[in-house]
Amino acid sequence: MVQGVTTDHRHVLSKYFEAITKREELQTVGNVYPRKSHQLEELHMYMTAAQLKITLPMLQLPEMSLTDQKSEKSPKKGKQLNFYGQILVKLLTDSYQRHPQQGEFLLPTEHIKALGILMSASASKDLEEVFLQALQSEPVLALAVGVEVQAHCLAQCSHTSLAIVAMLIQHSRTHLLQFELWCLSSATGKYLRKRMESFLPLINVYLQCRDQYGFSRPSTVVSAVTPVLRKALWKELCAEIQDTGALHEASVKLQILSKLLPPLESKRLHNLMDCLPAALERAGNEESWAVADAISTVLKNSEELHSWRRNLLSACIKGLVAMYSSSKDESKQEVERSILLRLEELLCVVEEVDPDDLCCLVKTGLKYRYRDETFLKVLNVAIQLLYKKESSLSQSLVKLSKLHMMVTQHSLFLSAILRSREEDGTNTQTRGIF
């Protein structure tokens, strides 16, 4: 055979595979086992990714032409690939390994089901990659994938197989419902606990898309899944609150935790409320605050909301003080800005603050963030809100005269005033020119 398959010869090969397809269909009807073709077995060595498309007619073979039933004596009954199924797997996986990033492997919808059969029967890790690539290239293919493929992927529990399930539930209401039914099976809770780290990305995707297609899925099923996930994962997710690291896995856990909160009357919720503010003081990452925001939503119509916001306000201030003291070079400006904006929002709804907290924030902020525009803006908002004449709170806060002294006697005050005047003068001259 000549090495390399030319463009002119592709149509010949395509006809060859179509002939194989028709022959296999006839032989299947006649219960005649297909004879092996060693030419076919060796052909993959000479095929490029684009030329691989000529094998697609083989994916139109009936399932019984690609698989056999395993022996009754086999410990795991089910289907296994026959000769043609094995060759197809080799053709497909070899092509992907040669050209994984070229995106040339685009399956027609009618072929994705056969690819799923091959993957389920072969348990090939390489074929999982091919299948995932096909779904990522054409997400609409999820609609043509059989539910048995999802079951196979959940059992495999590999990074790639669970990524396939994530694609399926995002783009198919059938697969979304199938995943929910799987969650409700009696053995799933224990299965998830043992493999939690592997399942976290998939569960995160599910919680983000679970509100899709709500009208087409039984409400009882949808509402029953959250308690199952909460029971299986709650202890490990809450433990992440105590972790001071900012690893991606920790962020995913906190995102999931924020979507699995129990109802208001739950003891679990109040235990979380007790430990979260202290964690916010030292962590300062957005995922921890996402949990705090989710708790605020649960408390929306509760009498506990105001006291909860006061706790968050105190945690916000203490977290900023800790960050200013440890990051004197302003290396975390975006994180600091985010927390400052939260502080402003909380000040506006709470309108009170612990005097010691405010004093500490003013001293530390003026020492390390004197030139930080966002800090000064929020400090100004706090002064306007808290130092009202009719407020009894203002009597216990730092005196305004002392605040004035702290600002004006700062070593950077004179240079900041002079720079501001110079900039005003430059702007005036510029306006005069125009």
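This is a predicted model: local features need pLDDT of at least 70, side-chain atom pairs count only at pLDDT 80 or more; totals for chains, interfaces and linings use all residues.
Residues are numbered from 1 along each chain as its sequence is written, and side-chain values use heavy atoms, with hydrogens and water left out.

The protein has 20 helices and 2 strands, taken as DSSP runs (helices H or I, at least four residues; strands E, at least two) and numbered from the N terminus. Of its 434 residues, 46% are buried, that is, under 20% relative accessible area with a 1.4 Å probe, protein chains only. Contacts (heavy atoms within 4.5 Å) between residues at least 6 apart in sequence join residues at least 24 apart in 72% of cases.

Nonpolar side chains tend to be buried together in soluble globular proteins. The largest nonpolar core here holds 102 residues, and I295, L343 and L386 touch the most other members. Such a core is a set of buried Ala, Val, Leu, Ile, Met, Phe, Trp, Tyr and Cys residues joined through side-chain atoms within 4.5 Å. Helix α15 (residues 305-326) gives this core its largest share, 11 residues. Leaving aside residues up to four places away in sequence, L343 touches L313, C316, I317, L320, L361 and V378.

Helix α6 (residues 147-156) and helix α7 (residues 159-171) have axes that come within 8 Å and cross at roughly 140°. Helix α6 is therefore oblique to α7, since angles under 35 degrees count as roughly parallel, over 145 as roughly antiparallel, 65 to 115 as roughly perpendicular and the rest as oblique. Axes are lines fitted to C-alpha atoms, for helices over the stretch in contact, with angles from 0 to 180 degrees between N-to-C directions. Where the two helices meet, Q150, C153, L154 and Q156 in α6 contact S161, L162, I164, V165 and L168 in α7.

Methods: Buried means under 20% relative accessible area, exposed over 50%, partly exposed in between (1.4 Å probe, protein chains only).
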